[in-house]
Amino acid sequence: MTDIAIQTKDLTKSFKDTKVLKGVDLQVRRGQIFALLGSNGAGKTTAVNILSTLLTPDGGSANVCGFDPQSEPERVREKISLTGQFAAVDGILTGRENLVLVARLRAVANPAQVAQSLLAQFGLTDAADKRVDTYSGGMARRLDIAMSLVGTPAVIFLDEPTTGLDPEGRLEVWKTIKKLAGAGTTILLTTQYLDEAEQLADQIGILHDGTIIAGGTLDELKALLPPAKVEYIEKQPTLEEIFLSIVSKKEEQVDR
């Protein structure tokens, strides 16, 4: 069995006259946390939507858990879970009812027990039997992420998973992501928070102008920039500095 969970080759996608993806190549191993970084409009969500069967690419190929999202979408959906940029919860139902509903749809044993466990894990026990439309934005986001964990999927796509969360909620999500990856779950996340990628990612890819322009571990990306000397102490570059430097250099090359 291959240890590659997600792979794309020369993936392309356009919307009318706008080319969003211009040949994206990426590879994610099983059990890895892969962070896809990029500015707004870089194509991160488009790539995730193709991999999760929500969009059809114009060209190239994709593979998730050994299946093609385009020709075998049902098989891919059996293996994955997706949390989008906005909470996809039913406001009329309670938090518990949302989780039980998803557990039943995924044919998970003991839906009530699974729901109770996830409510406790995400600090929602006290609000479990309240309608979700009474939740704060952060609470709804935590419930949304909890719903994506029902059924222990092999691959989880997290599109900006901590948007709207307070610092405590972010830390809880980080802890959960690390625990899932430690148990063998593959995580592909997009994020605008570069400290999030620094904390979580085994591998990082920088998507810019429709292609992956740099990738590797955090240490490998740091090696692309020389350390700065600050009061005779070597200061390693942050991921934010690396990201901005790589993107600006790419733009300079395009302008020439």
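The model is predicted, and local features need pLDDT of at least 70, while side-chain atom pairs count only at pLDDT 80 or more and totals for chains, interfaces and linings use all residues. Residues are numbered from 1 along each chain as its sequence is written, and side-chain values use heavy atoms, with hydrogens and water left out.

An open sheet is built from six strands in the order E5-E6-E7-E3-E8-E9, with mixed pairing; helices (H or I, at least four residues) and strands (E, at least two) are DSSP runs numbered from the N terminus, and two strands pair if DSSP finds at least two bridges between them. Strand E5 (80–83) and strand E9 (211–216) stand at the edges with a single partner strand each, so one side of each is left without a neighbour in the sheet.

Strand E6 (155–159) pairs with E5 in the parallel sense over four bridges, and in this pairing leucine 82 has phenylalanine 157 of E6 as its bridge partner. E6 and E7 also pair in the parallel sense, over five bridges, and the bridge partner of aspartate 159 in E7 is threonine 190. From E6 the chain crosses through H6 to E7, and this β-α-β crossover is right-handed, a term that applies if, with the strands pointing away from the viewer, the path from the first strand over the helix to the second runs clockwise. Five of the five residues of E6 are buried, so the strand is largely enclosed by the rest of the structure; buried means under 20% relative accessible area, with exposed over 50% and partly exposed in between (1.4 Å probe, protein chains only).

Helix H5 (residues 137–148) packs on this sheet and touches E5 and E6, contact meaning heavy atoms within 4.5 Å. Because 10 of its 12 residues are buried, H5 is largely enclosed by the rest of the structure, and what covers these buried residues includes E5, H3, helix H4 (111–121), E6 and helix H6 (167–182).

Asparagine 98 lies in helix H3 (residues 95–105) and is buried, with a relative accessible area of 2%. Leaving aside neighbours within four places in sequence, asparagine 98 is in contact with Val89, Asp90, Leu93, Val132, Leu143 and Met147; Leu143 and Met147 are also among the buried residues of H5.

Notes
Axes fitted to C-alpha atoms, helices over the stretch in contact; angles between N-to-C directions.
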